[in-house]
Amino acid sequence: MFFIQTKNSKNKLASAVFCSMIGLPYVAVAATMEAVNEGNLAVPPVDGKTVVYTDTEGTASFGWLDPVNDFGNVGLGIKVYNEPFTAQQTYDFAGCLMAQPDRAPGDNCTAPPDSGKRFKLKTTETNGPIDIVVDVSADDSVSLYRVIGKFSNLTDASNSVGGDLNAIRFELGFGVGSEFMRSSVGDGLGFGFDGADKLSIGPVGKYPGGLFGGSKVEGLPFFSTEVAPFTESVSTADDGDILETNGTIATQYSSLFGDWRTLSQTPTGWFIDHDGNPANDSILLAYNAGTVAAPDWQTNEKQFNAAVTVDHDDDAATPELSVELWDPNSLNFDPTVADNVLPLVDTLGEGDPGDTVTDAITLSPSAASALYDGNFNVLIDGQAVTIDDFETWENKPVTVVDTANGDALYATWYPGEGEDGLYQLESDSSWVTLSEMATLIAADANLARVAGYVQGPIEDLANVNINPTISVGAAANWPTCSGDGVNTTCSFTFRVTGLNGAVEEPTIPDTPVEPAPESEEPGASSSDGDGPVFGCTAGRPGAPIDPVLPGLVLMALGGLWARKRLSNA
């Protein structure tokens, strides 16, 4: 018999047959996303990772979720919020699938950018599918959910193309691993559409705005003033159950780095940790365009166009302020307005998709040693921060000092130590973690953080922000529904795969299936007393198997796939 996966009383994905697909009773309703199913996830996290297994037995994995949110709280790393909201004053959403910041109800899906709202999904295997299973419950309307995530390339750098990816595939369906079956036309599950195109808030995928195109919160871009987006392939544009990007990396990225780099192969950068706190983001100042043996430190000078005026007060009236007020190297620099770079971002890339407004800034390539001479200022959090001479950065690490002892050195930050970097105490050369140092500083008012320069991988070059939309409707044909005829529980799978056609696809291990135990009493519908699944006596642990069902299931499957093929013809 063919089995697929659904949720059981232990929050695991248990087997169920396609009762509704073969004419047996079902409740014709829609679906509301309720929660991420933990059946194929490592709970609690393993070595700081919510591992996503290819099956419920944990036999293999092609990726994991970061379980720690921006507040330091540990969870799954991903959560469903049923918080209705309207996006872009046009699209009504019932909720979202995102990280788990757990703000006040109503404040999660609409949290501002750079607030930790994106779940962080990491792929460790080229062409290896990662299955996120979502539980749903019966409802009476079609619901639209926004997916707010970040997908990172952590693939094996030893493969034939160095771990580089060039596309993402999103799929909707049922089951996990080798048992996954893609959703079909008319079954009430699909990607949301905006007219003829799939709906996404912003590009369906794009490199972070702090590097390409600019961002409201990440600031002005480093590599290009244009967004580096991912574009859907024409081969999947009309298919509501699969979304695959076209395999072409945006030139803003590819002209510098080729395909989508794996983390271990991203260029090294020099950053300024302007607040002396390694726990938050540092500001990229330069990158190595050469090799480790022969480094070539390059940067891009931001040149502010004084002739451009922007709307600073956001009153939709005539732009009233010159961009020169944001220039940290101008005599007219004004920190009272420069803390808000949104007016400048709105002239760039995604903020100005029609390219109808003159860009507020341009980027001019330069050798880092030529630009950073000890007199050049960089705009950071609305302030004009003077950057030290490039040749001195290596001798100015991030530190903690003791102000009660003449600013004596207390500890030095070493980003390459351990998994996430470590502080070394000056007193005895012992090592402490970020959190341990934060505790020490909180307990001693004389300890102060000191800004410094940090060298390390430019991690965001391995990251892509993802923005697909999922529509859940009538679950009549879903193979994962179970219930007692009154309450209905179903599930579906959101599958994400990082792609490169030059690499062989990995083998997905078969999902182990334990034989269902025979009932102790002849004729009993269940060994646990929960009752039949919509009147179907097969598909739950302990339920007897109807010998006629295997053939009917195969017929139903054939019908579904035939419908699918016809819909794509």
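Visitor: Where does Thr412 lie?
Guide: Thr412 sits in strand β31, residues 408–414. Strands here are DSSP runs of E, at least two residues, numbered from the N terminus. Keep in mind that this is a predicted model, where local features need pLDDT of at least 70, side-chain atom pairs count only at pLDDT 80 or more, and totals for chains, interfaces and linings use all residues. Residues are numbered from 1 along each chain as its sequence is written, and side-chain values use heavy atoms, with hydrogens and water left out.

Visitor: Why is Thr412 called buried?
Guide: Its relative accessible area is 9%. Buried means under 20%, exposed over 50%, and partly exposed in between (1.4 Å probe, protein chains only), so Thr412 counts as buried.

Visitor: Which residues is Thr412 in contact with, leaving aside neighbours within four places in sequence?
Guide: Pro397, Val398, Thr399, Leu422, Tyr423 and Gln424. Contact means heavy atoms within 4.5 Å.

Visitor: What makes Cys96 and Cys109 a disulfide?
Guide: Their sulfur atoms are 2.1 Å apart, and the label asks for a pair of cysteine sulfur atoms within 2.5 Å, so they pass. The torsion about the S-S bond is about -90 degrees, so this one is left-handed. The pair links distant parts of the chain: Cys96 in β9 and Cys109 in the loop between β9 and β10 (119–123), 13 residues apart.

Visitor: Are those two cysteines buried or exposed?
Guide: Buried: Cys96 has a relative accessible area of 0%, and Cys109 has 2%.

Visitor: How many disulfides does the structure hold?
Guide: Two. Cys481 and Cys490 form a disulfide as well, with sulfur atoms 2.1 Å apart. With 105 degrees about the S-S bond, that link is right-handed, and both cysteines are buried.

Visitor: What is the strand order in the open sheet?
Guide: β6-β9-β12-β37-β16, five strands with mixed pairing. Two strands pair if DSSP finds at least two bridges between them. β6 and β9 have three, in the antiparallel sense, so by that rule they pair. Three bridges also join β9 to β12, which run parallel, with Cys96 opposite Arg146 in β12. β12 (residues 143–147) and β37 (residues 469–472) are antiparallel over four bridges.

Visitor: Why is one side of β6 and of β16 left without a neighbour in the sheet?
Guide: β6 (79–81) and β16 (189–191) stand at the edges and each has a single partner strand, so one side of each has no neighbour there.
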